Amino acid sequence: MPDIKQLLFPAATALAVGFGLMTYDKMRGAEWVVSPRQIAEAKAAGQPGYESRPGTVTVLPIRSETADALPFKWAMAGIVAGAFAFGAMRRRAKAA
């Protein structure tokens with residue numbers, strides 16, 4: 001029977017990795033090709049919209065094609081990190 005420490009450490013690791021990756025993706029704007037913030041900044045500067053390429057002006061936000069898969073990416077990264085931590089804790093417990 002695993003000790004409570006052997007269960008809490010992998011769970012904490014999984015949550016930290018999952019939420020850390022989510023924070024990283026949110027900070028870099030991974031869910032947007034053109035974000036609402038970029039359009040608002042362009043309109044505040046007096047432009048009709050965000051100019052993504054020369055001659056191409058975007059006036060509505062555009063979500064990334066992979067935006068719907070991001071929560072699965074975060075969850076899988078957390079699960080894998082938790083599994084590695086659980087495996088490491090079990091090896092250390094067997095060696096002791």
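Residues are numbered from 1 along each chain as its sequence is written. In this predicted model local features need pLDDT of at least 70 and side-chain atom pairs count only at pLDDT 80 or more, while totals for chains, interfaces and linings use all residues; side-chain values use heavy atoms, without hydrogens and water.

Reader: What pattern does the chain follow along the sequence?
Author: Helices (H or I, at least four residues) and strands (E, at least two) are DSSP runs, numbered from the N terminus. The chain has three helices and four strands. Read along the sequence, the pattern is α-β-α-β-β-β-α.

Reader: Is the chain spread out or a compact globule, and what is its radius of gyration?
Author: The C-alpha atoms fill a box of roughly 65 × 20 × 15 Å along the principal axes. The radius of gyration is taken over C-alpha atoms, and the globule rule is 2.2 Å times the number of residues to the power 0.38. For 96 residues that rule gives 12 Å. The chain is well over this, so it is more spread out than a compact globule, with a radius of gyration of 21 Å.

Reader: What percentage of the residues count as buried?
Author: Buried means under 20% relative accessible area, exposed over 50%, and partly exposed in between (1.4 Å probe, protein chains only). Of the 96 residues, the buried share is 22%.

Reader: What is the volume of the largest pocket?
Author: On a 1 Å grid over the protein atoms alone, a pocket is an open set of points where a 1.4 Å probe fits, with protein on both sides within 12 Å along at least five of seven lines. Grid points are joined across faces, edges and corners, and a volume is the space filled by probe spheres set on the points. For the largest pocket, that volume is about 160 Å³.

Reader: Which element gives the largest share of the lining of the largest pocket?
Author: Lining residues have an atom within 4 Å of a point. Here they are K26, M27, R28, G29, E31, W32, V33, S35, R37 and Q38. Helix 1 (4–28), strand 1 (32–34) and helix 2 (36–44) each give two or more. The largest share, three residues, comes from helix 1.

Reader: Which residues does D25 contact, leaving aside neighbours within four places in sequence?
Author: D25 lies in helix 1. It is buried, at 2% relative accessible area. Contact means heavy atoms within 4.5 Å. With those neighbours set aside, D25 is in contact with A30, L70, K73 and W74.

Reader: Is T58 buried or exposed, and what does it touch?
Author: T58 sits in strand 3 (residues 56–58). T58 is buried, because its relative accessible area is 10%. Not counting residues up to four places away in sequence, T58 touches V34, I39, G49, Y50 and S52.

Reader: How many Å separate the C-alpha atoms of Q6 and A88?
Author: Q6 is in helix 1. At 13% relative accessibility, Q6 counts as buried. Q6 and A88 are 82 residues apart along the chain, yet their C-alpha atoms are separated by 9.4 Å.

Reader: Where is A69, and what is its relative accessibility?
Author: A69 is in the loop between strand 4 (62–63) and helix 3 (70–95). A69 counts as partly exposed, because its relative accessibility is 42%.
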